[in-house]
Amino acid sequence: MQLRIVAIGTRMPAWVEQACAEYGKRLPRELRLQWLELPLGQRGKNASASRAVATESDAMLGRIGHSHRVIALDQAGQSWTTERLADKLLGWQMDGQDVSLLIGGPDGLGESCKQRADESWSLSPLTLPHPLVRVVLVEQLYRAWSINQGHP
């Protein structure tokens, strides 16, 4: 099973890269993370945010395998405890199906990504900055794996 994180936005601050690398290397080979960073859609005076989100969504969907289980990270999604995530991770591993986790851009995920998703997960009801979402996500994946290994 492969965990693929498909995220909008490139050139993260060094602290984000370091934290994600640290938690990623703690995961076993069978749960290696694959990061796919995609550029932001064009925004500005002459470009609408909805068009940018649609462009980002098209790019994300083009990077997801047809057989992947897709998890959309969305503020409106279901809130999971770490124990619930551990159960889900164990189920994903048992299924052997690759998993793609989607992190949208500053304006969120497009409707097409939400429709493609098998599940929608909210890390928090708070609006989190995108660099922090990456760190929280990979830390929680590591913590869920640790729980499944019998660590506190």
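In helix α5, the residues Val133, Arg134, Val135, Leu137, Val138, Glu139, Gln140, Leu141, Tyr142, Ala144, Trp145 and Ser146 are buried, where buried denotes a relative accessible area under 20%, exposed one over 50%, and partly exposed a value in between (1.4 Å probe, protein chains only). The structure is a predicted model, in which local features need pLDDT of at least 70 and side-chain atom pairs count only at pLDDT 80 or more, while totals for chains, interfaces and linings use all residues. Residues are numbered from 1 along each chain as its sequence is written, and side-chain values use heavy atoms, with hydrogens and water left out. Helices (H or I, at least four residues) and strands (E, at least two) are DSSP runs, numbered from the N terminus.

Helix α5 comprises 19 residues, 130-148, and at 1.5 Å a residue should span 27 Å; the end C-alpha atoms are 27 Å apart, in agreement with that expectation. The expected span is taken as 1.5 Å times one less than the number of residues in the helix. Glycine 150, which has a positive phi near 90°, follows α5.

Strand β1 (residues 3-8) is mostly covered, six of its six residues being buried. Leu3, Ile5 and Ala7 point one way from the strand, whereas Arg4, Val6 and Ile8 point the other way. Strand β1 pairs in the parallel sense with strand β2 (residues 33-38) over six bridges, pairing being assigned if DSSP finds at least two bridges between two strands. In this arrangement arginine 4 stands opposite glutamine 34 of β2. A parallel pairing also joins β1 to strand β4 (residues 99-103), over five bridges, with isoleucine 5 opposite leucine 101 of β4. Together with helix α1 (residues 14-26), strands β1 and β2 make a right-handed β-α-β unit; a crossover is right-handed if, with the strands pointing away from the viewer, the path from the first strand over the helix to the second runs clockwise.

Side chains of opposite charge can pair when their charged atoms come close. Across the whole structure, a search finds eleven salt bridges, each defined as a side-chain nitrogen of Lys or Arg within 4 Å of a carboxyl oxygen of Asp or Glu. Arginine 4 is buried yet has no salt bridge, and the nearest side chain of opposite charge, aspartate 98, is 6.3 Å away. The side chain of arginine 4 does reach the backbone oxygen of arginine 63, at 2.5 Å.

Within helix α1, glutamate 22 and arginine 26 are four residues apart and therefore separated by about one helical turn. Their side chains meet in a salt bridge (3.0 Å, N to O). Glutamate 22 is partly exposed, with a relative accessible area of 30%, and arginine 26 is likewise partly exposed, at 37%.

A salt bridge also forms between arginine 69 and glutamate 119, whose closest N and O atoms are 3.9 Å apart. This pair links distant parts of the chain, with arginine 69 in strand β3 (residues 69-79) and glutamate 119 in strand β5 (residues 119-122), 50 residues apart. Arginine 69 is buried, with a relative accessible area of 19%, and glutamate 119 is buried at 18%. Arg69, Lys88, Asp95 and Glu119 are linked in a network of salt bridges. Arginine 116 and aspartate 118 provide a further salt bridge (3.9 Å, N to O); arginine 116 is partly exposed at 26% relative accessibility, and aspartate 118 is partly exposed at 45%.

Note on methods. Lys and Arg count as positive and Asp and Glu as negative; His and the chain ends are not counted. A polar contact is a pair of N or O atoms within 3.5 Å; within protein, one must be able to donate a hydrogen and the other to accept it, and residues adjacent in sequence count only if both atoms are side-chain atoms.
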